[in-house]
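Let's take a walk through this protein model together. Have a look at the picture first, and then we'll go through it piece by piece.

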Amino acid sequence: MFIINELSNIVNNEVISFHMPGHKKGRIYEKLGYKNVLENLYKMDTTEILGTDNLHSPEGIIKSSQKKASRVFKSDYTYYLVNGSSCGIQSAIMSVCAPKSKIIVNRDCHQSVINACILGDIDIEYISCEISEDTNVLKGISISNAIDVIDKNLDAKAVLLTYPTYYGMTYDLECICNYAHDKKMVVIIDEAHGAHLGLSDRLPKTALEQGADIVVQSTHKTLPSFTQSSMIHIKGNRIDIDRLLNVLRITESSSPSYILLSSLELAVDIYENKGQELMKELLNKIRVFKNNINENIEIYDTNDKTKIFISSKNIGLTGYELENILRNKYNIQVELSNYYGVLLICTIGNSTKDFNSLETALNNVVKEDFRFTKLENKEYPAIIPKKILTPREAFYKTKKSVKIYDSIGKVCGECIVPYPPGISIISPGEIISKEIIDYLIFCNSKGMVVSGLKDVDLNFIEVIDLENI
Ligand SMILES: Cc1ncc(COP(=O)(O)O)c(C=O)c1O
């Protein structure tokens with residue numbers, strides 16, 4: 001067996017997890033006494049039978065469970081999702097924006113946003129994203145840029161923003177919500193990385209607290225539920241709930257997993273009963289770890305303290321190299337690496353022992369793997385490319401493969417996505433620039449994985465065949 005053998009190795013080797021899912025190999029369930037429930041979970045794998053309710057028209061146990069989640073997360077309505085935040089984002093967009101309408105989005109949005117626009121025939125106007133030059137950390141958007149794009153696109157139906165960013169950066173969302181509402185726009189927040197924010201005053205405010213209309217959270221990323229289980233929260237009266245539920249019936253499986261649904265219910269229970277106390281402990285563990293770390297290890301100051309970005313620049317390593325060293329020599333797996341460093345996701349499932357192991361590993365890396373050669377700088381190509389076609393128009397056009405450097409100046413036919421973080425660097429319908437190709441080739445040669453391309457070796461790119469347009 002292939003998948004099961006590899007996963008068994010990871011479990012048997014006790015690989016230390018600083019990545020999602022938030023339950024950290026089920027450790028949090030064992031710690032909190034949910035082990036018996038989980039041991040029986042495979043027997044609970046069922047379908048809609050008498051007594052198990054129906055996710056798509058809940059009237060019984062699912063309805064009650066979602067109602068509790070709504071109270072705990074302080075929404076007006078909450079719905080469980082079994083196809084990740086991706087289906088929540090797609091449903092939110094398609095329920096608010098009719099075909100041929102327009103949405104305003106941060107440029108560093110998740111690929112599911114662009115996919116929603118392909119599915120729903122919606123046009124996108126981007127707000128540029130702020131990026132830290134030294135680390136390529138995505139910092140979010142600037143308020144003035146957001147207001148400028150809103151003012152220039154008053155016909156847009158909605159604003160969709162990623163908050164916090166994958167790297168745990170936030171901004172004054174309340175100000176943007178107020179401004180967008182003033183202009184009659186709905187605010188949809190991709191809070192995939194912020195399901196835990198309500199657990200402490202030491203964390204940034206939640207999107208719901210700041211006035212968002214729809215908030216989609218990947219419960220599985222930062223809270224203890226199973227991979228692919230997410231929630232969508234609604235607040236206020238700007239959303240047509242019936243339409244949203246109708247789109248969810250389209251984007252979600254007709255056989256929703258009760259294992260995922262049960263894990264969402266567990267996460268809500270833990271959040272309500274133990275969450276604040278466990279978050280306090282976690283934030284203290286992170287503070288101690290940061291204080292003890294070798295001074296050559298530079299830690300980026302994130303707004304969400306549960307995200308740790310470690311820059312490997314000072315020690316002469318790329319983030320891709322540091323990720324490999326941590327895994328192969330120290331049995332520690334990070335969430336992602338970029339050229340300049342690695343990102344860790346810390347959750348209430350992480351133990352003091354995890355942080356001690358990480359501290360020892362990093363202090364050893366400085367001693368044993370330090371390189372005197374400085375890393376060459378490589379800027380992320382943040383300029384928004386010129387758009388020729390909407391995402392859907394581009395999707396259905398005839399494509400042809402061209403050598404990667406011959407694609408410069410041509411209209412892109414694919415979503416080219418460095419993964420993680422799953423953010424498209426260029427999307428179908430946009431003009432390919434030399435900066436983008438140089439960045440892709442350079443980072444790929446250093447270890448960055450690029451998905452979305454037909455040619456995974458990055459020798460060829462699909463462009464739109466303008467002769468057959
Ligand atoms: C910012 C952001 N939004 C949305 C998603 C999609 O979430 P899911 O994996 O739950 O479908 C991701 C996934 O990594 C993400 O990083």
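Start with Lys35, which is partly exposed, with a relative accessible area of 43%. Keep in mind that this is a predicted model. Glu39 is partly exposed too, at 46%. These two residues form a salt bridge, and their closest N and O atoms are 3.9 Å apart. Both sit in helix α3 (residues 35-39), four residues apart, which is about one turn of the helix.

Now find another pair, Lys63 and Glu59. Their salt bridge has its closest N and O atoms 3.7 Å apart. Here Lys63 is partly exposed at 41%, while Glu59 counts as exposed with 63% relative accessibility.

Next, hop over to Lys205 and Glu174, another salt bridge, with 3.7 Å between the closest N and O atoms. This one ties together distant parts of the chain: Lys205 is in the loop between β8 (186-190) and β9 (214-217), and Glu174 is in helix α8 (residues 173-182), 31 residues apart. There's also a network of salt bridges linking Lys68, Arg71, Asp269 and Glu272. In total, the structure holds 20 salt bridges.

Let's zoom out to the domains. The assignment gives domain 1 (3-22 + 282-349), domain 2 (33-273) and domain 3 (391-468). Where domains 1 and 2 meet, 23 residues of domain 1 touch 28 residues of domain 2. About 2,200 Å² is buried between them, 60% of it from carbon and sulfur atoms. And how many salt bridges are there between domain 1 and domain 2? The count is zero, but twelve residue pairs are in polar contact there.

Terms used:
Residues numbered from 1 in each chain as written. Predicted model: local features only at pLDDT ≥ 70, side-chain atom pairs only at ≥ 80, totals over all residues. Heavy atoms only, no water. Domains from an automatic or database assignment. Contact = heavy atoms within 4.5 Å. Buried area = accessible area lost by both parts, 1.4 Å probe. Salt bridge = Lys/Arg side-chain N within 4 Å of Asp/Glu carboxyl O. Polar contact = N/O pair within 3.5 Å; in protein donor to acceptor, adjacent residues only side chain to side chain. Helix = DSSP H or I, 4+ residues; strand = E, 2+ residues; numbered from the N terminus. Buried < 20%, exposed > 50% of the residue type's maximum accessible area, 1.4 Å probe, protein only.
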